[in-house]
Amino acid sequence: MNKKLRLSLIAALLLAGGAAYWGFSAKTAEKPAAKGGAPVPVLVAKAEAGEMPVLLNLVGRGEAYEGVTLKSRVDGQVLAVDYREGQAVKAGEPLLRLDPADFQAKLAQAEAVVARDQAQLNKAQADLERYLGLKAKGFVSEEKVNEMRTNASAAAASLKADMAAQELARLQLSYTTIRAPFAGVVGARLVFPGSSVKINDTALVVVNRVNPLYISFSVPERHLPALRQAMQGGAMPVKVSLPGGKGQQWEAKARFIDNAVDAQTGTILLKAVLDNREQKLTPGQFVNVSMVLDTLKEAVLVPNEAVQQGAEGNYLYAVKDDGSVEMRKVQVATSHAGRSAIAQGLLAGETVDTDGQMRLMPGAKVVVKAGKEAPNTPAAANPGKAAEAAKP
C-alpha cells in the first residue's frame with residue numbers, strides 16, 4: 001500500500017468518526033429530560049373559567065343585491081352610448097339610444113290611421129243620427145237604420161284597433177332609449193355607436209345594485225340546527241373582512257337560508273345583507289365571514305400554546321404542586337383570540353405548561369423561567385422552592 005492511499009484511508013476514518021460523534025451528541029441533546037434530571041425551564045399559565053364564543057369562520061363572496069343584463073326590446077342600430085364605464089346611475093337614467101327614425105315613421109303612420117278612423121267614425125255617427133230622424137218621419141225603414149248603426153259600430157271598433165296599434169308604435173319608439181331599471185353601477189361597454197342590435201339577443205349593458213350588497217357563503221350541514229336556532233330571534237350578525245385585511249371589518253345581517261342542502265358538497269347556502277354605501281366591496285369579491293353560533297358558559301380557557309397535537313389527539317402538560325408535570329389528554333371545544341376552550345381533561349385553576357413541551361415527559365420537573373412566572377403558579381407562589389429545585 002503506497003503512502004497516498006494510506007493517508008486517504010486515515011482521513012476517511014476520521015471523517016466517519018466525527019460524523020458519528022456529532023450525531024450521538026445531537027441525539028443526546030434532544031433527548032427529553034428524565035424524571036430525576038435537572039428541572040426544565042418553562043412558561044406556565046393558569047386555566048381560567050370564562051365565556052368563549054363558538055365561531056364559524058368561512059370564505060364568502062360578494063354578490064350584487066340586484067343585477068341585470070339589459071337587452072333591447074326592438075331591433076335597431078345604436079345611435080349613442082350615454083354612460084361612462086363604471087358610472088353610478090339612478091333609476092330611469094338613460095344609458096344608450098337606438099336610432100329612432102324607423103319607429104318615428106311607424107308612429108306617424110299609426111297616428112294618421114287613427115285620424116282617418118276618427119273621421120270615419122264621426123261620419124258614421126252623423127249618418128246614424130240623420131237616418132234616425134228620417135225614420136221618425138217614416139221616410140226610411142228600420143233595416144236601413146240598423147245598417148247605419150252597424151256602420152257606426154264597425155267604425156268605432158276600427159278606431160279602437162288602430163289606437164292600439166298607435167300605442168304599440170309609441171311604445172316601440174320609447175324602447176329605443178335604454179334606461180337603468182334601478183340605481184346601481186354600470187359595467188364595461190358592450191356595444192358602440194353603429195352596432196346592430198337584435199331584439200332580446202344583444203347584451204347592451206350590465207347594471208348591478210351594490211348598495212346594499214349580498215354576502216353569500218356556504219355552511220356545512222352539521223351546523224344547520226345551530227343556525228336555525230340562532231336565527232329564530234331574527235337576522236343573525238355576521239362579521240365580514242377582506243382576506244389579509246388590516247383590521248377592516250364590516251357587520252352584515254344573515255337573513256336567508258337556502259331551502260335545500262347541496263347534495264354534492266354537503267353544505268347549505270346562506271346570504272347576509274351588508275350596507276355598502278362607500279362601495280368598499282364589489283360583487284364577485286372574496287371575503288372572510290365570521291359568525292357566532294353559540295357562547296360557551298364557564299368554559300375552561302387556556303392559551304393555545306398549551307395544547308399540543310399527538311398521535312392520539314390533543315394533549316397538554318399540567319403542572320402539579322410538587323413542580324412535576326402530568327400529561328393530560330384533552331378535548332378542545334373551540335379556539336378564539338389566542339385561547340382554547342377545554343371541554344374535558346382539565347379544570348379551572350390548574351396550571352398548564354405553555355412552552356418547552358418538546359423537552360418534557362410525564363413526571364419531569366419544571367421551573368418557571370426567571371421573570372416569566374404566571375400569577376398563582378406553584379413556582380411563583382414559592383420561588384424559594386423553585387430555586388431549591390433548580391440546584392444541581
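## Pairing up strands

Two strands count as a pair if DSSP finds at least two bridges between them. Keep that in mind as you look around this predicted model.

As a bit of background, strands of a sheet pair through backbone hydrogen bonds, and the pairing can be parallel or antiparallel.

Let's begin with strand β12, residues 249-257, which pairs with strand β11, residues 236-241, in the antiparallel sense over 6 bridges. Find A254 in β12 and you'll see M236 standing opposite.

Now look to the other pairing of β12. With strand β13 (residues 267-274), β12 also pairs in the antiparallel sense, this time over 5 bridges. Which residue of β13 is the bridge partner of A254? That's A272.

## A closer look at S241

S241 sits in strand β11. Is S241 buried or exposed? Its relative accessibility is 16%, and buried means under 20%, so S241 counts as buried.

## The four-stranded open sheet

Elsewhere in the chain numbering, 4 strands make an open sheet with antiparallel pairing, in the order β7-β6-β4-β9. β7 (177-179) and β9 (196-197) are at the edges: each has a single partner strand, so one side of each has no neighbour in the sheet.

Take the β9 end of that order. Strand β4, residues 76-81, is joined to β9 by 2 bridges, and the two run antiparallel. Here Q77 stands opposite S196 of β9.

Notes:
Residues numbered from 1 in each chain as written. Predicted model: local features only at pLDDT ≥ 70, side-chain atom pairs only at ≥ 80, totals over all residues. Heavy atoms only, no water. Buried < 20%, exposed > 50% of the residue type's maximum accessible area, 1.4 Å probe, protein only.
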